[in-house]
Amino acid sequence: MKKTVTIIVAAVFLLTTMVFAPMAMAKPFPRSWLWNSTALQMMDTSKFAKKGPYVVGFSNASISNSWRVFFERQVRYGYELNKDQIKRYYVTDANDKPDKQIADVEDLLAKGVDVLILSAATMAALDPVARRTMRRGIPVICVDRRVTSDESFVSFITSSNVAQGRAQMLWLAEMLGGRGNIVMLGGIAGSGPAEERRSGGEEILSAFPNVKVLDFQYANWSPAEGKRIMKALIQTHGRKINGIWGDGLQTSGAMEAMKEAGMKVPITGDHLNAFLVRAQDWGFPAMSIDFPVSMGTDSVEIALKVLRGEPVPHIYEVPRTVVCTQDTENIKTDMPWSRMAHKDWPDEAWNNTLPKNLLPY
Amino acid sequence: MQVAVSKRLQRSPQHIRSLFERFGIYIFLAILIVTASLVSPNFLKPQNLKDILNQSAALGMVAIGQTFVILIGGGGLDLSVASVMSTVAVIMAHNTEGQNSLFIPVMGVCLLFGIIVGFINGTLITKRKVQPFMATLGMMIIVQGIRFLYTKGMPKGEFPPIQRYLATGDIGSVPTSIISLAVMVIIALFVLRKTTFGRKVYAIGGNVNTARLCGYNIDFTIISVYMISGFMASIAGLYLAGWIGISDNWVGKGYELDSIAAVVMGGTTFEGGRGGVLGTIVGVLIVMMLYNIVLLLGMPVQMQFVVKGVVIILATSFYASFRRTQT
Amino acid sequence: MRIGLLKRHSAVFIVYVILAILILTTGLLSDVFLTFRNLENLLRQVAPLGFVSVGQTFAILTAGIDLSIGSVVSMTSVLTTGMIEGQQQLVLPVLVLVFGLAILIGFINGTIISKTGVHPLIVTLGMMSVVQGGILLYTKAPTGSVPISYDFVAWGNVWKIPFPILLFASVATIAIIFLRLTVFGRYVYATGGNEEVARLSGIKTGRVKTIVYMICSFTAALTGIMLASRMGMGDPLVGERYMLDSIIPVLIGGTRLTGGVGGVAGTIGGIFIFIILSNALNLLDVTAYWQWIVEGLVVIVSVSLYFRQKR
C-alpha cells in the first residue's frame, strides 16, 4: 500500500515537472526583437568560457531612487536564482558619482571577479574603464545604461528609451484623434535618457501635424516639480491643454495639479504605482509603459551564459509591458489596468518579478 | 554702473539712502510684479497668485528658520534643512499610513527630530567650534544616510488627509498654508523684536564680543537658533509633503540653497545682526514668482537658468550698493 | 620659534596625522588597499577633485566661496569635446578659448563681488545658474569626442607615474609658492584676515578678490579638461557634484571660511582623506547608505578636532 502511494506520488511529481518545467524555463520572449530591422548581432563568447562556480561583480550607479532600489534587488534575485553556479557575489554602489564608479570597477577587479555587470552612472565616463576590463579578458555586461563604444561590452541589457518616448506619444496622439494641444514634461535637462525619450516623442509628432506642443518643460523626474510646473502651465494655457506627455515620476504630480484644476485629459507615464493607482481612482485616461526593473535579473542570466561560452545578443531588449485605460489604433493594453495598479503597494513601488523576501518594503 | 548710482546717492540726502537701504527689496519686488504682469497677462490671475502663495508656504517656513541662523552671524547658515524636510516627510507617511488619528503624535516625533538635528548642529558649532557650513553639511549627509537606512530607499505609507488639507486646502478663499505661514511670521517677528531672546540674536550677530561682555549666554542662544531652524524645517517638510501628496525620498531637494538665497535677497547679511523676517518673506516671494513667471512665459529651460541667476545677482546687488555707501 | 611654527601649522599637522591613521587602518583591514593597482587608481582620482579644491582654497582664504565652479567644470568639459570633435589640429585653439572663457567667468564673479559687496555665496550661486543655462543652450546631451592623443591627459604615464598626478603636483606646488612666497599671496591672506585693515594699508582688495576668482575658474577649467580626456566625451551634468565636494577637502584641510587662515598644503591632505575614505569604505564592503553616515561623521569629526585647540 505504502509502495503504491509512493509510486503514485512519484509519478504525479514526475508528470508535473515534465509538464511545468518547460513552462518555467520558457522566458518571456523579448517582444521588441520582433521589429528589429536587422538580424540580431550575436556575440561569440567562447573566449570567455570558464568552469564554474563563478565570482560575479555588480557595479551599480546608485540606489538613490526607488527604481534603482528595485533594480538592485532584481540583480540580487538573479544571483539567488543561480547560487549553484555563483560562489561569490559582490556589489558596489557609486552614489551617482562617475568618478567613484571608475574606482568601484577597479575595486571589483582587484577582488578577482569573473564577470562584471555594470550599470553606468554616465555612459561616457565609464567607457574607458569598461574597455580596459574587456582587454583584461573579463567580460562586461552593461545593464540599464550602457557605455559609449560597442567594443567595451559583450552584451547590453536594456529597454529603448527612444521607443518608450515614441509609444507614449503615439498613444497620446491617437487618443486625441490626431488633433489637439499637448504639453510635454521631460526628465532632467542634460541627462541621456530624458533627451532620448523626448526625441522619440518628437519623432512621432512629425506624423501628426495637428497635434501642437504648447510647451516643453523639464520636471527633473520629481512629483513636486511636476505639480508646480503643471500648475503654472494650467494658468497659461488653461482648457487649451488636451493631453500631457510625460516619461516618469513627474506625471503623478502633474496629474494631481490637473485634478485640482478640475481637468481630466489623457496622460502618459511609466509603471510607478502612484501613477497607476491615481489614474484609476481619479478616472484619467492614461497610458503607461515600463522601463522594467526585471532587467537586473536578466543581466545575471546573460552574464552566466557568457561565462558558459554560449552566444548572446549584443543588444538584449527586455520585454516590456504596455497598459492603457483605453486602446488606440496602434497601442493596445497588454493586460487590464487594474492588474497593474496595486492599491496595497507603496506609492513608489515598481512592477517587478521579485519574491516576497526580496521586496524592499 | 552700480558705483555711479551709489556715488550720486552719496551726495543725496541721508534719508533717501536709508530709505533705499530699508525698502530696496520691496521696491525690487514691486518692479518684479509690474514687469511680470506686463509680460504675462496670466500672472495677475487670482488663481495664479494663489498658487504662488501656496507654494511659497514651505519655502517661507524654512527661510524663517534660516533667517535666525544667518542673523546670528559668524558664518551661520543651515545646509541640513532640506535633508530634515525629506526625512520628516517619510517618517510621517511611514507611521501614519494615512490615518488622521496618528497625525498629531507622529507630528510630535517629526518636530522632535528636527529639533534634535538642530541641537546637534548648534552643539557642534558652539562646543566643538566646527564651522556652521561644515557642521550642517555633515549633518545633511548623515541625516540623508539615516533616511535611506530607515526607508531602505523605498518610502512607503500615505499622508493623513488632515495634513493634505492643511497644505492644499482653503479657508474661505485663502489657502490654509498661507494662514499658517502668516502666523509663523508674526510669531517670528514678535520673538525677534519684542523678546530678550530676539535682542540677544541681533546682539550676537552684531558683535559677539560686545554681547559676551553684556553677559549674554552666547552658546545657549546659538544652539537655540539652530533648534529653531531644525524645527521650522520639519514643519516645512510636512507642509511640502502634504502639498505633493507622495512620499518621496527627495521631497525638500534644493530648499537649502533656495532658502539661503531668499534670506540674503531679503537683506539679511552673512555678517549677522542685520535684516529680519519680513525681508526674508519678500525674498521668498521673489524666488517663487521667478519660478512661476519663467513658466508662464514658456521659457526653455536654458533661459530659465539664466534668468534665475541674473535676477538673484541683481536683486542682491540692487540695494547692497546703497548699504555699502553708508558704512 | 619652533613651537610657534608648529602652532601655526597645527591644523595641517593634524590633517596629515588623520590621513596617516586612515591609511594605516585601511591597510590593515583590507589586503587590496595597498596593492600597486589600487594606489595607482587612487592617484588618478586625486587630480580632478584636486584642481578645483586648490582653486577653492584661494576663494575661501579671502573669506569667499565659489559655487559656480561646478558649472564651469561642466562647461569646459562640454566645450572642449564639442568643439574639438576628434580633430587633432583644433586641440590647442580650443583649449585656449576654453581657458579664456573660464577666466572671464571668474573675472565677472570677482568684479560683481568686489564692486557690489554682495556675499560671494550668492553671486556665485547666481552665476552657477547662468552658466548652467549657457551649457544647456550649447548641448542638452553628452556630446563630442577627442583625438586619441588627447587621452594622454588623463590616462598617460610619464616615467611610470600617472600624468594627472604629475600635473596636479605641479599645480599644487605653484599654488603653494604663489601663496607663501609672493606679494600677491600675502595680499590674499591679508584680505581674508581683515579686509578693512588690508584696504587701509593700501592693498587693492577688490583686485585681489577678482584675481582669486579668476584662479578659481581656471582650476575648474583644468578639472573640466581632465574629465573630458578621462571620459572622451563632454557631459553637461558632470560638474554638478564638484560644487560641494570641492569645498569639503579645503575645510577638512584646516582652511577657515572666515578667511585668512589655512593653505593649500592642508587642502591636499584633505583631498587625500576624502578620496581614500571613499575607496576604503568600498573595499570594506560598507553599503551605500552607511557610507553617507560615515562620510558625514568624518567631515564633522575631523574639523572639530583642531578647531577646539584654537581657542
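The exercises below, each with a worked solution, concern a predicted model.

**Exercise 1. Describe the overall build of chain C, from its secondary structure to its burial.**

Begin with the secondary structure, which in chain C comes to 15 helices and 2 strands. Next take the radius of gyration, which is 20 Å for chain C, close to the 19 Å that the globule rule gives for 311 residues, so chain C is as compact as a globular protein of that length. The extent can then be read along the principal axes, where the C-alpha trace of chain C spans about 55 × 55 × 40 Å. Turning to burial, 56% of the 311 residues of chain C count as buried. Finally, consider the contacts in chain C between residues at least 6 apart in sequence: 79% of these join residues at least 24 apart.

**Exercise 2. Work out how helix α4 (residues 69–84) of chain C and helix α5 (residues 91–116) of chain C are placed relative to each other.**

The axes of these two helices come within 10 Å and cross at roughly 155°. That angle makes α4(C) roughly antiparallel to α5(C), because angles over 145 degrees count as roughly antiparallel. As for handedness, α4(C) passes α5(C) in a right-handed crossing. The residues that make the contact are, on α4(C), V72(C), T76(C), L79(C), T80(C), M83(C) and I84(C), and on α5(C), V91(C), V94(C), L95(C), V98(C), A102(C) and I105(C). Sorted by class, the contact of α4(C) with α5(C) has 10 nonpolar residues, 2 polar residues and no charged ones.

**Exercise 3. Find how helix α9 (residues 183–193) of chain C packs with α11(C), and which residues meet.**

The angle between the two helices is about 110°, and their axes are 10 Å apart. That makes α9(C) roughly perpendicular to α11(C), because the range from 65 to 115 degrees counts as roughly perpendicular. From α9(C), the residues Y187(C), V188(C) and T191(C) meet T205(C), V208(C), K209(C) and V212(C) of α11(C). By class, the residues of this contact divide into 4 nonpolar, 2 polar and 1 charged.

**Exercise 4. Identify the buried residues of helix α4 (residues 127–135) of chain A and what covers them.**

The buried residues of this helix are D127(A), P128(A), V129(A), A130(A) and T133(A). Their cover includes, from chain A, α3 (98–110), β4 (115–118) and β5 (140–143), and from chain C, α7 (152–155) and α11 (205–231). Beyond the helix, α4(A) is followed by G137(A), whose phi is positive, near 90°.

**Exercise 5. Describe the sides of chain B that touch chain C and chain A.**

Take chain C as the partner to begin with: the contact takes 41 residues from chain B and 39 residues from chain C. On chain B, the elements that give two or more residues to this side are α1 (2–11), α6 (132–151), α12 (255–265) and α14 (301–326), and the largest share, 16 residues, comes from α14(B). By class, the side of chain B that touches chain C has 25 nonpolar, 12 polar and 4 charged residues.

With chain A as the partner, 25 residues of chain B are in contact with 28 residues of chain A. Here α3 (46–71) and α13 (277–296) of chain B each supply at least two residues, and α3(B) gives the most, with 4 residues. The class count for the side of chain B that touches chain A is 9 nonpolar, 11 polar and 5 charged residues.

Note on methods. Residues are numbered from 1 along each chain as its sequence is written. Chains are lettered from A and ligands numbered from 1 in the order in which they are written. This is a predicted model: local features need pLDDT of at least 70, side-chain atom pairs count only at pLDDT 80 or more; totals for chains, interfaces and linings use all residues. Axes are lines fitted to C-alpha atoms, for helices over the stretch in contact, and angles run from 0 to 180 degrees between N-to-C directions. Angles under 35 degrees count as roughly parallel, over 145 as roughly antiparallel, 65 to 115 as roughly perpendicular and the rest as oblique. A crossing is left-handed if the near helix is turned anticlockwise from the far one by less than a right angle, and right-handed if clockwise. Two residues are in contact if their C-beta atoms, placed from the backbone, lie within 7 Å. Ala, Val, Leu, Ile, Met, Phe, Trp, Tyr, Cys and Pro count as nonpolar, Asp, Glu, Lys and Arg as charged, and the others, Gly among them, as polar. The radius of gyration is taken over C-alpha atoms; the globule rule is 2.2 Å times the number of residues to the power 0.38. A residue is buried if 20 or more other C-beta atoms lie within 10 Å of its own, exposed if 12 or fewer, and partly exposed in between; C-beta atoms are placed from the backbone.
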